[in-house]
Amino acid sequence: MKIFGFTLAAAALMSIACMANAEVKTIVLVHGAFADGSGWKPVAKILQHDGYTVQVVQEPETTFKDDVAATKIILDKAGPCVLVGHSYGGMIITEAGSHSNVKSLVYVAAYQPEIGESAVALNTKMPAAARSIAPIGGGFLAVNQDAFPADFAADAPKSEARFMAISQVPVASEALGAGVTVAAWKDRPSYGVVAQQDRMINPDLERFMYKRSHAQTIELPGSHAIFLSHPAEVTALIEKAAKASN
């Protein structure tokens, strides 16, 4: 009986050890404001080719709380993972990234706030070049469709940028004004991509935030939609985060 009990205890300890050292093979991608998860397709394609499981969060952009909740639903079933956010998605992963399944964070031309900071507050520190975001009613904001290609996706194929403009997801102004209550990057390794020609978030603000968090950072020549124009380089950084977490 004692031997049986010892065997069960040993098996339990081995199981816990295996879970603690589980290889990170899942990547969770979170889109930003005015976009949806389909923009991640080029990055997801490479990740899947390289053997990773990819989950894309389709947050509603109705409230910050709703967006974080949508992300946590995916994280609950993801297992050990790298959590990636673009633009406003950086706010979401900073809050949701405290989830036990998240091993590291990757910010792609994204906000990386300190506790209490909102996207609006950060943008006020170092304003972006774009002036094309405006209210459309009901408490929601959108990017002017005519300005969208140049401001959001200047280096993406023109037909794709135009379609993104007409299919964009309006974001609630409340979501952009909400401050985070958790800064997950304080407890987890973080990585950042600076988009050098970003007009939606000031590249110097990206540098400031990533330096503040001691994120491992790369810089790429491109627009806010850097995941479309440089998917290979963005994916390489995500995979670096995954391998470093193993």
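Which unit do β1, helix α2 and β2 make, and what is its handedness? In this predicted model, for which local features need pLDDT of at least 70, side-chain atom pairs count only at pLDDT 80 or more and totals for chains, interfaces and linings use all residues, the three elements make a right-handed β-α-β unit. Residues are numbered from 1 along each chain as its sequence is written, and side-chain values use heavy atoms, with hydrogens and water left out.

Helices (H or I, at least four residues) and strands (E, at least two) are DSSP runs, numbered from the N terminus. A crossover is right-handed if the path from the first strand over the helix to the second runs clockwise, with the strands pointing away from the viewer. Helix α2 of this unit comprises residues 41-49. Strands β1 (residues 26-30) and β2 (residues 53-57) run parallel and are joined by 5 bridges; two strands pair if DSSP finds at least two bridges between them. Within this pairing, V54 of β2 is the bridge partner of I27, and V30 stands opposite V57.

The β1 and β2 strands belong to an open sheet of 6 strands with parallel pairing, in the order β2-β1-β3-β4-β8-β9. Its edge strands, β2 and β9 (216-220), each pair on one side only. On average, neighbouring strands of this sheet are turned by 20° against each other, direction ignored.

Helix α11 (residues 231-244) has 14 residues and reaches 20 Å from its first C-alpha to its last, close to the 20 Å expected at 1.5 Å a residue; the expected span is 1.5 Å times one less than the number of residues. The axes of α2 and α11, taken as lines fitted to C-alpha atoms over the stretch in contact, come within 9 Å and cross at roughly 55°. The crossing of α2 past α11 is right-handed, with the near helix turned clockwise from the far one by less than a right angle.

Two non-glycine residues in loops have positive phi values. A109, in the loop between β4 (102-108) and α5 (119-125), has a phi of about 45° and counts as buried at 0% relative accessibility. H214, in the loop between α9 (203-212) and β9, has a phi of about 60° and is exposed (over 50%), with a relative accessible area of 71%.

Notes: Axes fitted to C-alpha atoms, helices over the stretch in contact; angles between N-to-C directions. Buried < 20%, exposed > 50% of the residue type's maximum accessible area, 1.4 Å probe, protein only.
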